[in-house]
Amino acid sequence: MSAHRFRKALQSRDLRLLCAAEVIDGLGTWASTTVLVVYVFDRTGSTTWVALLSAARWLPGLLLAGYGGVIADRYERTRVMVGSASASFAVMIGLAVLVASDGPLWAILAVTAGGAIAGAPYGPAAGALTPEVVPESDLSAANSLFGMLESLIVVLGPALGGLLAAGHHPVAGISLNAASFLVAAVIASRLRAHSTGDASAAGTTVFTAMVAGVTALRSNLTSTVLVLFCALANCTYGASSVVFVRLSEQLGSGTTGYAYMLAGMAVGTGLAAGVADRLSASHRLAPVLVAAIVVQALPFAAVAWARTPALGFALMAVSGMGFIVVNILCVTALQRDTPHGSLGRVLSLLSIACMVAAMVSSFAFAAALEAYGLHPSLYAIGFGFPVLALVAVRPLYRADRKVAAQLAQLEPRVAVIEALDLFAEATRATLEELARAAEVVEFPAAASVVREGEPADALWILIEGRVSVTVDGTTVRTMNPGTYFGEIGLLRGIARTASVHTDEASVLWRISSADFLSAIESGSASTSLRDVTFARLARTHPRLAEEAALDPTS
């Protein structure tokens, strides 16, 4: 089922381009990061310089993530991606020149920080553009694809960087990263989707626009809790960065055990991306997220009893599964529920929260390791974070109940729409979307509902009463409750092919053209929908039906 959903999402040309850019950019960035760390350590023999290099890479990203979100919401997002990737390319060329000439280390740190600044708007812009390139029903599948690709990159990127570092080719690694940014810029320039946020309308200054983004997040308690859950998952991830070093000694794998367990987490995230896609269809988000936090955290308590690298790898793979489920579900829910005009800033705030959580957690558990030792620290991760999840989940339970109540109200409408042959193959999500969009309209007897030759603007479903259909003034049929009309003009993009008037007082549901087409595009046009529409067209307008039969796109 997930494979089908992934294939369906990848029918979007723009999503394929975004995925390609993600892989190329990610591989280059991880490879470059690895060779640069090795290069700086080889030159200095100092872990302090390595720490400074990490700070130069992460601190600007943390401090300027909010600014990057404003840029992503202020200007056209495709252009923001192109500009950010192009600027990153130029910075990496400068860094390659510095490394090739063994330039001053302070200059290398400064240029590294410049790279973080140049890349700050790219992620928020790409994340905010994703809902524009796939329909809502494919959004979780798209995010799951990104999750799987990220897991693959985390494994392959450092491996590629390690090979280049082992061959003493740091300039090649950095040049590879520069080339990856250039390719990403070219790919982004080919995107057809265009989207602009509302940051320019939110205020004349960057600060005002940033405040507006914070307000948009705070005004929605559910979105705030989703950000907290994502931050909690990253707390566990940040803690792992310090406990893995001590844990690798217990497992007898030496310092190589650190990379071994990171690889285990990456493998787990890749394996569970499809599961996360299926879980995103659940209307009960709270228990799923709590369960995912438990799955992510408990392996840390269990690994305290492990004595072999293989068992440690397996447990960390399970932890990675929980981590990716939390991230994909939270990001997908935010993309669905946040107004697209402020989505770039909300996603940048999510990024800030996750980075702060990971950093604070890493320092906290570094102190815990020194004060209490390895096993108490592992138990604190394994049992403490699930408790925090239970404390934070109450607002999500309220949101779940609200959604359940809304779905219960929609159920009678869903049942009516589901019974129509037009939607025999429609997904549950499509049926719910159509049910939400239906507007109740009452007509007296002898009232005109639609006229032949008028622009097609809606699908009509007859709930009560009776209507007659005429073509060129001749009545061709009478319709009773549980039938529909108006779909031909919408699907074929032509004017109304018939007139419809009420024979008695009637109640109809009106689904606008935009809502109808959005729903069927998100679920893909089914065979039943095409066949039923073609059969109706053949009865009333044989010539148009013949043209449709000859049209390969119909």
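**A loop residue and what follows**

Author: Ala 446 sits in the loop between strand 1 (439-443) and strand 2 (448-450). Strands (E, at least two residues) and helices (H or I, at least four) are DSSP runs, numbered from the N terminus. This is a predicted model, where local features need pLDDT of at least 70, side-chain atom pairs count only at pLDDT 80 or more, and totals for chains, interfaces and linings use all residues. Residues are numbered from 1 along each chain as its sequence is written, and side-chain values use heavy atoms, with hydrogens and water left out.

Reader: What is the phi of Ala 446?

Author: Positive, about 65°, although Ala 446 is not a glycine.

Reader: And is Ala 446 buried or exposed?

Author: Ala 446 counts as exposed because its relative accessibility is 67%. The cut-offs are under 20% relative accessible area for buried, over 50% for exposed, and partly exposed in between (1.4 Å probe, protein chains only).

Reader: What about Asp 472, where is that?

Author: Asp 472 is in the loop between strand 4 (467-471) and strand 5. Its phi is also positive, about 55°, and Asp 472 is not a glycine. With a relative accessible area of 66%, Asp 472 is exposed.

Reader: Which loop holds Pro 481?

Author: The one between strand 5 (474-479) and strand 6 (483-485). Pro 481 counts as partly exposed, at 43% relative accessibility.

Reader: What does Pro 481 touch?

Author: Leaving aside residues up to four places away in sequence, Pro 481 touches Leu 462, Ile 463, Glu 464 and Gly 465. A contact means heavy atoms within 4.5 Å.

Reader: Switching to helices. At what angle do helix 2 and helix 6 pack?

Author: Helix 2 (residues 13-44) and helix 6 (residues 122-133) pack at about 155°, with axes 10 Å apart. Axes are lines fitted to C-alpha atoms, for helices over the stretch in contact, and angles run from 0 to 180 degrees between N-to-C directions. The pair is therefore roughly antiparallel, a label for angles over 145 degrees.

Reader: Which residues meet there?

Author: Asp 14, Leu 15, Leu 18, Ala 21 and Asp 25 in helix 2 meet Tyr 122, Thr 130 and Val 133 in helix 6.

Reader: Last one: how many helices and strands does the chain have?

Author: There are 22 helices and 8 strands. Of the 554 residues in the chain, 51% are buried.

Notes
Parallel < 35°, antiparallel > 145°, perpendicular 65-115°, else oblique.
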